[in-house]
Amino acid sequence: MTKETILLLSTVILLLPLLGFTIIIFNQKRLGKAAGYLGSAVLGIDLILSIIVAFSKLVTFAGEGMIQTKFDWINLGTKTISIGIGVDNLTAVMLIVVTLISFLVHLFSMEYMAEDKRFPRFYAYLGIFTFSMLGIVIANNFLNMYIFWELVGLSSYLLIGFWYEKDSAANASKKAFITNRIGDLGFFAGIMIVFFTYGSFMFDDVFAGVASGLLPFDSGTMLTAAGILLFCGAIGKSAQFPLHVWLPDAMEGPTPVSALIHAATMVAAGVYLTCRIFPMLTADALIFVAYIGAITAFMAATIAITQNDFKKVLAYSTVSQLGYMIMAIGVGAYTNGFFHLVTHAWFKACLFLGSGSVIHAMHHAAHHFHDHHTDPQDIRNMGGLRKTMPLTYITFLFVTIAISGVPFTSGFLSKDGILAGTLAFGSLSGHWLIPIAGFGAAGMTAFYMFRLLIESFHGKAKTNIASHTHENNKLITGPLVLLSVLTIWVFYSFNPIDATSGWFQKSIKTPATSVPAALQFDFLMPLNAEGHNAAAHTEVATHNATNSHTELAKHEAAANTHGAEAKSAHGSHALNKFEEEMHHMHYPAMIASLLIAGLGILLSFCFYQFKVFSPDNMANMIKPFYKISLNKWYFDEIYDKTVIGLTLGFAKLLSWFDGAVIDGIVNGVATVFRGIGWFVGKFDNIVIDGFVNLTAQTTGFFGAAFRKVQTGRIQAYLIFTIVGLMILFYFLV
Amino acid sequence: MGIGLTHYLIISILLFALGVFGIATRKNAILVLMGLELILNSANINFIAFARFGGMNIEGHVAVIFVIILAAAEVAVALAIILNIYQNFRHVDVDEINQLKD
Amino acid sequence: MALYDVIFYLFATIVLVSAGGVVFSRKMMYSAFSLLFTFFGVSGLYVLLSADFIAVTQIMVYVGGILVLIIFGVMLTTKITGVDIKSGTLGAFQMGIAGLASLAIAVFMIIMSMNTQWMQKDPLAETSTTVEAIGGLLFTEYLLAFGVAAILLLVAFIGAALIARRK
């Protein structure tokens, strides 16, 4: 397969869901239930194509960077805006993630949404969402990415508010949209800085510009600022602190939507963006990213412990895991962060679909009893579902183990890598808070996930409804089984405790940072042949850059080949000091994470399964902490009081200003003008009218005189013209 | 004296004057149209003459082509209008079609 | 007198006499056929001016197209068939004014053209054909005008069909 074929197929992959959307949205009545088959078929083809593209990229062109094409879109004087698409290893993996989960969600929804009266519309929205998400994935420039970024925001808005009759759903969709917009504002500003400085939206142009020593406004601080502003987009989309508040509310949407958008793909877009801009993040920006991720991971985990709504627990778990990925990228464990994105996509999608299965069953049972008061999503109403829904239980157990980080699962591989990365970062830079937050979150994750599992599936049924649930049909359980199978370690690496030898980590390599050495951690700079830091080397190269770009390129190429030689010579020699350190930290991190996950699971069983301690007593003992966690750290209240309160107050102030000052001025002016108007009116009547009448009479007189000339005969007019011409001739010649 | 620019110009002028006279005097709309054709032809002769003698070169020829195109379009539309007038008035005498007056 | 001059005067006579026929003839069909000769004469003049392509176009478009259209027009707008359809002229007064004006314009312009020092260049070298040069110009410098003219023609024909249609 040639590169052109890959690009062509990627375009087809991108456009197919759009085609599906167009067909379905215009034929809603005619298609009816067939919309489900159509949407699923489209995504099935998309999935197959994605696998072909990813396979050929990862096998045939594994060593190449980005296969891309670009063309000029707009010429703005001296600047040209180009757009295009590109496929690199990152994209190839993301293509499979997006299409596979989208496909499974399409299948799942055929049963889950079967009774909805807007069934075709749901499939249309799923189509447009998939289209936009694929657009982000195969963009090779900031502009394309931004366009699809906003499209994703729109489709997420449509899907969260799909049941817009419910006030809570409508409000949640608005909240999600507006919160995202705040992040996107930063993203947009970042893009503008980048375009202003480097004159291009292309990733490779921008990184080459950074590498050549060109800085925004000639200041390293501005490069940091640009990186952080771009990262703001990720903060919004990936629900990072402090903009995470929309994601739990977004659970008002249909559960398959939660699985597709708010667990596996859309929220991963922020992480994907952070991966993309990784080469231009400076040391300060990386620390910012790492801390945001660490805070999010820790805070969301504490909240998830006390939530009682099935989907809310999963939502906060998602926020926490996303924080994990962001933190991983922030500390430089790029590969592991992205690896966690992929593994998390499988098990979180499975968890959400599992919750969908449970809710579906609960809903049907409640319907059977004509009970509309019991909340089918509250885990306090469940229990004992293990017996009535065995398949759902087994898959749920599998993925719970995976997300808790137990060995022989994908979650263990990726989480272990991240924790090793944070430890390495802590030891190299002294920021020890980050690994502490990481380990804390890991323990809590194990705890609350098992709490959820035990509360809902184990023990005795707590309500009549729970005991009358039934296992769902194959359309719902099929995706669950497939996704839970994907959590087994062999799919990523044959070594169950170390993923570095697996195909995944081999094909997704941390890109070399292009930030000048002065602005970057020295342990992230590439090493040269002697194993020493190449920072000084690159600095010289940067110096030369002002004179000749080609020389720099040569220099860098030389440095790269040196690095590669060093690597081959010493076998496992790492790319830079950080990777070396990460290698050292692998076993300590693994043991610590095993201990802490085991502790979390053990505590969970003690509290909820064997009731050794009573959770209520515990809650009473540490009441303030319990309250904070249950109320989600009061974020909504704080925002209500501060941001929203301030905005409303300001609006009221403006309204008062409008009413009192502006209206007063307007009324005053009006009175004055009314007086003037009266005078002018008189003047008009007497003087002006007199003139006008005189003019009219004069014109009328001449009109009557000249009317005679207008015979209506064309030929007469012609003769007049000729006579006029003759007179002109006479005077001019 | 050999045949030069002026000869052609004089022919063109005479043709033009005849055309003007025809337009000004004939009652029938179609004959007016014929006069118009004469005028267009006189203009064309000028173009070609200047192309030959006045250094206008081949561009004069191109101008003539555009004039011919225009004439074709004009005749088509004019005849359509004349047919329409005929349907309304049962004659095509321009001097009696003077509704413009009122 | 050279042969060139003889031919020139011959065509000039044809043009002027037949144009006179168009303008002064009482019968419309005579006018139409006189117009035919005028067109031929003008075409002949074009040949003398070594404008071969224009001469052929003149015959094809004017004679083959426009004149036929005009004759159709004559047929369609007169009740009686036959050649001696008479066409009246205006009153003697208007005739006089029109004649005077036309005469004056002719005299003025002839005087003007005789007195003007035209920017004369050497006559164009006689090439074998002008078609190639015209084609080149039309598709390079005058491409836009050419396209617009094509659209104009199309619009004119559609408009003509629309106007002439019976309601």
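Predicted model: local features only at pLDDT ≥ 70, side-chain atom pairs only at ≥ 80, totals over all residues.
The secondary structure of chain C consists of six helices and zero strands. Along the sequence, this gives the pattern α-α-α-α-α-α. Chain C has 167 residues, of which 25% count as buried. When contacts within chain C are limited to pairs at least 6 residues apart in sequence, 57% of them join residues at least 24 apart.

Chain C also makes contacts with chain B, through 68 residues of chain C and 62 residues of chain B. On the chain C side, at least two residues each come from helix H1 (3-24), helix H2 (28-48), helix H3 (52-76), helix H4 (92-115), helix H5 (131-139) and helix H6 (143-164). The most is given by H3(C), which supplies eleven residues to the side that touches chain B. Sorted by class, this side of chain C holds 49 nonpolar residues, 17 polar residues and two charged residues.

In chain A, Asp218(A) is placed in the loop between helix H8 (203-211) and helix H9 (220-237). Asp218(A) counts as exposed because it has 9 C-beta neighbours inside 10 Å, and the cut-off for an exposed residue is 12 or fewer. Thr197(A) lies 21 residues from Asp218(A) in sequence, and the C-alpha atoms of the two residues are 9.4 Å apart in space.

Key:
Residues numbered from 1 in each chain as written. Chains lettered and ligands numbered in written order. Contact = placed C-beta atoms within 7 Å. Helix = DSSP H or I, 4+ residues; strand = E, 2+ residues; numbered from the N terminus. Nonpolar A, V, L, I, M, F, W, Y, C, P; charged D, E, K, R; others polar. Buried ≥ 20, exposed ≤ 12 C-beta atoms within 10 Å, placed from the backbone.
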